[in-house]
Amino acid sequence: PEPALLPKDLKMRAVVRRLVEQINSGIQPIQNFSVLGKITELGGDKMAWGKEAIEAGFVALEKEISRVPGRKPGDKYCIGSEQITFADLCLVPQVYNANRFGVDMAKFPLISKINATLEEHEAFKKASPSAQP
């Protein structure tokens, strides 16, 4: 696609894919309706369980984003300021879910900053759940 959602540099492509997998397979599946339904069926508190899972995932993700090679403190996106990547596309809906589950996003300043920047981008505004019919 244009613009590209993966960097040209092969090592940075791997970094993006690692961040994507951390979100898509390490955090997001815990909030699937079938999983939450099973938690409730087993007598658990699905909201508390989802919150705990997201927080644990965000602790790891915040650390990984901070370790991205070449990342500077003022960078706008997951891997820098030049390019929105697949990692950014996965981050925004996960932060949306985190808010639904009552996660204190102040604990995750880097994720929060990136998310706030992305939410100002026109494409993300159009894709927001609140903008859907």
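How are H3 and H4 oriented to each other?

Author: In this predicted model, the axes of helix H3, which covers residues 46–66, and of H4 come within 9 Å and cross at roughly 140 degrees. Angles over 145 degrees count as roughly antiparallel, and those from 65 to 115 as roughly perpendicular, with the rest taken as oblique; H3 and H4 are therefore oblique to each other. The crossing of these two helices, H3 and H4, is left-handed. On the H3 side the contact is made by Met47, Ile54, Phe58 and Leu61, while H4 brings Leu91, Gln94, Val95, Asn97, Ala98 and Arg100 to it. Sorted by class, the contact of H3 with H4 holds 7 nonpolar residues, 2 polar ones and 1 charged one.

H4 also packs against helix H1, which spans residues 10–26, and here the axes lie 8 Å apart at an angle of about 20 degrees. Since angles under 35 degrees count as roughly parallel, this angle makes H1 roughly parallel to H4. The crossing of H1 and H4 is left-handed, and in it Val16, Leu19, Val20, Ile23 and Asn24 of H1 meet Phe86, Ala87, Cys90, Leu91 and Gln94 of H4. The residues of the contact of H1 with H4 divide into 8 nonpolar and 2 polar, with no charged residue among them.

The volume of the second largest pocket is about 210 Å³, and its lining consists of Leu89, Val92, Pro93, Tyr96, Glu119, Phe124, Lys125, Ala127, Ser128 and Pro129. By class, the lining of this second largest pocket has 7 nonpolar, 1 polar and 2 charged residues.

For reference, the largest pocket has a volume of about 250 Å³, and the residues that line it include Pro7, Met12, Arg71, Asp75 and Gln83. The lining of the largest pocket divides into 4 nonpolar, 4 polar and 4 charged residues.

Key:
Residues are numbered from 1 along each chain as its sequence is written. This is a predicted model: local features need pLDDT of at least 70, side-chain atom pairs count only at pLDDT 80 or more; totals for chains, interfaces and linings use all residues. Side-chain values use heavy atoms; hydrogens and water are left out. On a 1 Å grid over the protein atoms alone, a cavity is a set of points where a 1.4 Å probe fits but cannot get out, and a pocket is an open set with protein on both sides within 12 Å along at least five of seven lines; lining residues have an atom within 4 Å of a point. Grid points are joined across faces, edges and corners, and a volume is the space filled by probe spheres set on the points. Ala, Val, Leu, Ile, Met, Phe, Trp, Tyr, Cys and Pro count as nonpolar, Asp, Glu, Lys and Arg as charged, and the others, Gly among them, as polar. Axes are lines fitted to C-alpha atoms, for helices over the stretch in contact, and angles run from 0 to 180 degrees between N-to-C directions. Helices (H or I, at least four residues) and strands (E, at least two) are DSSP runs, numbered from the N terminus. A crossing is left-handed if the near helix is turned anticlockwise from the far one by less than a right angle, and right-handed if clockwise. Contact means heavy atoms within 4.5 Å.
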